[in-house]
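Q: I'm new to this one and would like to learn how to read it. Could we go through it together, starting with what sits around the ligand?

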Amino acid sequence: MAEKENKISNAVIKRLPRYYRHLGELIEMGVERISSNELSVRMKVTASQIRQDLNNFGGFGQQGYGYNVKILYMEIAKILGLDKKHSVVIIGAGNLGRAIANYANFEKRGFIIEGIFDINPKLKGSTIRGIEVRNLEEIEDFAKEHAIDIVALTIPKTQAVDVAERLARLGVKAFWNFAHTDLNVPEDVIVESVHLSESLMRISYMLENGSSMD
Ligand code: NAI
């Protein structure tokens, strides 16, 4: 990533997928250009926030014209790295691993599920949406032949730390961690933890307090 892009704050980066989704919807609706005011109404954020966010990347907007939706969409895709394909491997072919594997829309965003691994011998050779489930023992050989960009960890937390260490040793640089535990991987390895129960707890808080957390 260019040095300039590294300086963009995490808060802005976190908002980019939402811009990307709204712009994608606008393209589907045939909208070619949009002002920051119109985008602001649609996204329920202030127009100045939008201008500030997009100014981080050189703006893309023109006074009196607004934003060219397609160009902005493509630029944000580039910033997010969505103009490239990423290979994904799922470790754990249980309920959650299967649900992720069955969700074909990740592929539309360039996240290609290349392999699914489990330790249950009964699952070996079965397929999920046409993708073969392999035994975890095969991961070393698999990694020699396939670049693995992202590993989705959908295994019990008691297993996750060891498995992540093993995969990091194979050169895996990013984990999408669903196991409810912190991973012990080198600092340069990316760990994005997703915990649905934490979202539920936030909802619980908001119900208790009658407010939104934003
Ligand atoms: P599950 O029991 O249906 O599936 C777990 C699978 O992992 C099984 O097929 C098992 O054979 C396999 N497995 C166990 N150890 C393994 C290892 N060392 N290597 C490869 N495969 C291994 O469980 P479920 O419901 O799919 O949940 C999976 C994990 O995801 C659990 O840790 C659970 O707590 C977590 N989870 C997290 C959520 C979140 O929001 N972060 C939501 C739901 C589940």
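This is a predicted model: local features need pLDDT of at least 70, side-chain atom pairs count only at pLDDT 80 or more; totals for chains, interfaces and linings use all residues.

Q: How many residues surround the ligand, and which are the closest?

A: A residue counts as near if one of its heavy atoms lies within 4 Å. In this model 22 residues surround the ligand, and the closest are Asp118, Ile155, Gln159, Val194 and Leu196.

Q: What does a backbone atom of Leu96 lie 2.8 Å from?

A: For polar contacts, look for pairs of N or O atoms within 3.5 Å. A backbone N or O atom of Leu96 sits 2.8 Å from an oxygen atom of the ligand. Ile155 also has a backbone N or O atom 2.8 Å from a ligand oxygen. With Val194, a polar backbone atom is 2.5 Å from a nitrogen atom of the ligand.

Q: How much of the ligand's area does the protein bury?

A: Start from the ligand by itself, then see what the protein covers. Alone, the ligand exposes 840 Å², and the protein buries 75% of that.

Q: Zooming out, which domains is the chain divided into?

A: There are domain 1, covering 2-78, and domain 2, covering 86-197. Taken over C-alpha atoms, the centres of domain 1 and domain 2 are 32 Å apart.

Note on methods
Residues are numbered from 1 along each chain as its sequence is written. Side-chain values use heavy atoms; hydrogens and water are left out. Domain bounds come from an automatic or database domain assignment. A polar contact is a pair of N or O atoms within 3.5 Å; within protein, one must be able to donate a hydrogen and the other to accept it, and residues adjacent in sequence count only if both atoms are side-chain atoms. Accessible areas come from the Shrake-Rupley method with a 1.4 Å probe; for residues, only the protein chains shown count as cover.
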